[in-house]
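Hello,

Here is the structure I said I would pass on. My notes follow below it.

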Amino acid sequence: LNPVTREAFERCPTQFKRAQRGVKLACSTADISRRAWILIDFDPIRPPRVSATNEEKALALAKMRAAREYLQTEGAPPMIEADSGNGAHLLLPCDLPNDKDSTRLVRGFLEFLSAKFIDAQVKLDTVNWNADRITKAYFTWAKKGADTPERPHRRSAIISLPPSTSPVSREMLARLQLKPLPKAADPITGF
């Protein structure tokens, strides 16, 4: 989701390559130049390694829309809405450096949203705080378990793409935290 450094891009600039043992193609945190997106991932709670039922997926989509409405009332910019195949994604635009403070900010924000929106049927994935997070390539297939009428394989898709957007404010992310962020030390006194 986030742009990579020039050095990381040049490992494989214009093509997809299958991973090979001992050849580094994937990116790590140090390979990300900055944060441009925060992935908010809603998954229905279901047995492991199977696709969602239509009802389970509908619950995730409804939860995603409720979170979107809430975030917009809090001042969030327009977001990309996506269907992951088995659940739902919100992509929140941001403009943050790839550093420890931003990691702490995004992690606390996702934990806040999880606490606000989690229930017995849908979870919000709080592990998406890392800058090098990979995600679904939209319009590819989600294939977990057997393709059955009750739990079908589905193609992921972008549901809604706003005509324009702007980055979420750092202030809003700091305000929506499960616990208050530690105050930054004064650069002169160190306190």
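A term first: buried means under 20% relative accessible area, exposed over 50%, and partly exposed in between (1.4 Å probe, protein chains only). The model is predicted, so to speak of local features pLDDT must be at least 70, side-chain atom pairs count only at pLDDT 80 or more, and totals for chains, interfaces and linings use all residues. Residues are numbered from 1 along each chain as its sequence is written, and side-chain values use heavy atoms, with hydrogens and water left out.

Loop between S4 and S5

Helices (H or I, at least four residues) and strands (E, at least two) are DSSP runs, numbered from the N terminus. Isoleucine 134 sits in the loop between S4 and S5 and is exposed, at a relative accessible area of 71%. Its C-alpha is 9.4 Å from that of leucine 39, although the two are 95 residues apart in sequence. Phenylalanine 139 belongs to the loop between strand S4 (122-124) and strand S5 (141-142); with a relative accessible area of 46%, phenylalanine 139 is partly exposed.

Salt bridges

A salt bridge is a side-chain nitrogen of Lys or Arg within 4 Å of a carboxyl oxygen of Asp or Glu. The structure has 12 of these salt bridges. In one of them, arginine 34 pairs with aspartate 95, with the closest N and O atoms 3.7 Å apart. Arginine 34 is in strand S1 and aspartate 95 in strand S3 (residues 88-97), so this pair ties together parts 61 residues apart in sequence. Arginine 34 is partly exposed at 35% relative accessibility, while aspartate 95 is exposed at 52%.

Another salt bridge joins arginine 151 and glutamate 56 (2.7 Å, N to O). Arginine 151 lies in the loop between S5 and strand S6 (154-155) and glutamate 56 in helix H2 (residues 54-73), so the pair ties together parts 95 residues apart in sequence. Arginine 151 counts as buried at 15% relative accessibility, and glutamate 56 is buried at 14%.

Arginine 104 and aspartate 101 also form a salt bridge (2.5 Å, N to O). The two are three residues apart in helix H3 (residues 100-117), which means that about one helical turn separates them. Arginine 104 is partly exposed at 41% relative accessibility, as is aspartate 101 at 42%. Finally, a network of salt bridges links Arg65, Arg68, Glu69 and Glu81.

Regards
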